[in-house]
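Opening the notebook on this one. I want to look up the ligand site, then the aromatic rings.

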Amino acid sequence: MIINLNKTTDLKTAKKISEDLEGKLIFDEISRIIITSSKNNTIPDKYNKYIDKYHKLKSDIQLSSRNYVNKTRKIKINKIEIGGESKNTLMITGPCSIESRTQIKKCAELLKEIGLTTLRAGCFKPRTSPYSFQGLGLKGLKMLSDIRDEYGFNIISEVKDASHVKDVIKYTDIIQIGAKAMYDHGILRETGRQKKPVLLKRGFGSNLQEFVQAAEFILSEGNPNVILCERGIRTFETKTRFTLDLCGVSFLKEYTNLPIILDTSHAMGYSYGVPDLTRACVAMGIDGLLIESHPNPKEAKSDASQQLNFDEFKEMYSSLIPICKAVNRKMI
Ligand code: PEP
Ligand code: MN
């Protein structure tokens, strides 16, 4: 249940009601809200005078539910926005990992040439082997920050564990929570305690309810700027890296108010399939894409097989524009 308190209800009373109902309190300039488990559906009459309205929800998909707010949330990322009334499809691209200044500069030049705004690159890489390249860490974040200063791009980079969450929050414009970190409550809570946009990737072994409830951890800490990212789930199929759950994307569009970004690179795992898959995604009408591109994918230190080279990226990008128009969206 979501309870919207009156503007006049003071913090002490709000805390008392919240404790009594075993709820979670968001109390700041904008929100005065108590959220309880969806199983708890009763409010004692004595509290009526403090309450503006309440919403009873059937499951713990609550703040993100369309039964609470029946429109896609508007997320501002500095000068651009997605969701809300915008009809924007944000193209985020860049390498899997930042590897050097020269490499990231080449990527930045690609974005500049096309007129894109948002550069991705991982610094803390959640590798499946401890012997593989683990990322440049803080040094990489600082390089990305220099690129932001030089080009004015938004930067997105991922958090792998709670040890560097504060650094990623400091140096990025969108904080990416990787698929393997989706269940890390330390990260979810920490990113919920600030207001920067958070892109939450779906764990490849999690169902839609678990995915959206992970988003609720961030929202219920008070950060309303959450973006969902479908990046493929594990099925019995082994010919592709993962299986992109487009049925799930339809579910998320129908039942949640969070913008949705699709990552076709990690889903497919092989560059040959990425352009077709991305065209299919754009045709669904989505809020953004996350595509890995690299000046020389064969030499990439992580995810070499799935990254597009710049010619492949540009060819795919131009084919997306008319599809975007056909579904009444604008690629930014
Ligand atoms: C990535 O974006 O490079 C990445 C590691 O993604 P995921 O968390 O989806 O595996
Ligand atoms: Mn990657």
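Predicted model: local features only at pLDDT ≥ 70, side-chain atom pairs only at ≥ 80, totals over all residues.

**Ligand site**

For Lys201, I get 2.8 Å between a polar side-chain atom and a ligand 1 oxygen. For His266, a polar side-chain atom sits 3.0 Å from an oxygen atom of ligand 1.

How much of ligand 1 does the protein bury? I noted 94% of the 290 Å² that ligand 1 exposes when taken alone.

Next I listed what surrounds ligand 1: Cys96, Arg120, Lys125, Glu158, Gln176, Gly178, Ala179, Lys201, Arg231, His266 and Glu292. I sorted this shell into six charged, three polar and two nonpolar residues.

**Aromatic rings**

I then turned to the rings and found five aromatic pairs in the structure. One I looked up is Phe313 with Tyr317: the ring centres are 6.2 Å apart and the planes lie at 20°, so I log the pair as stacked, given that planes under 30 degrees apart count as such.

Where do Phe313 and Tyr317 sit? Both are in helix H10 (residues 310–326), and because they are four residues apart there, about one helical turn separates them.

Note on methods: Residues numbered from 1 in each chain as written. Chains lettered and ligands numbered in written order. Heavy atoms only, no water. Near = heavy atom within 4 Å. Polar contact = N/O pair within 3.5 Å; in protein donor to acceptor, adjacent residues only side chain to side chain. Areas by Shrake-Rupley, 256 points an atom, 1.4 Å probe, with all protein chains shown as cover. Nonpolar A, V, L, I, M, F, W, Y, C, P; charged D, E, K, R; others polar. Phe/Tyr/Trp six-rings, centres within 6.5 Å; stacked < 30°, edge-to-face > 60°. Helix = DSSP H or I, 4+ residues; strand = E, 2+ residues; numbered from the N terminus.
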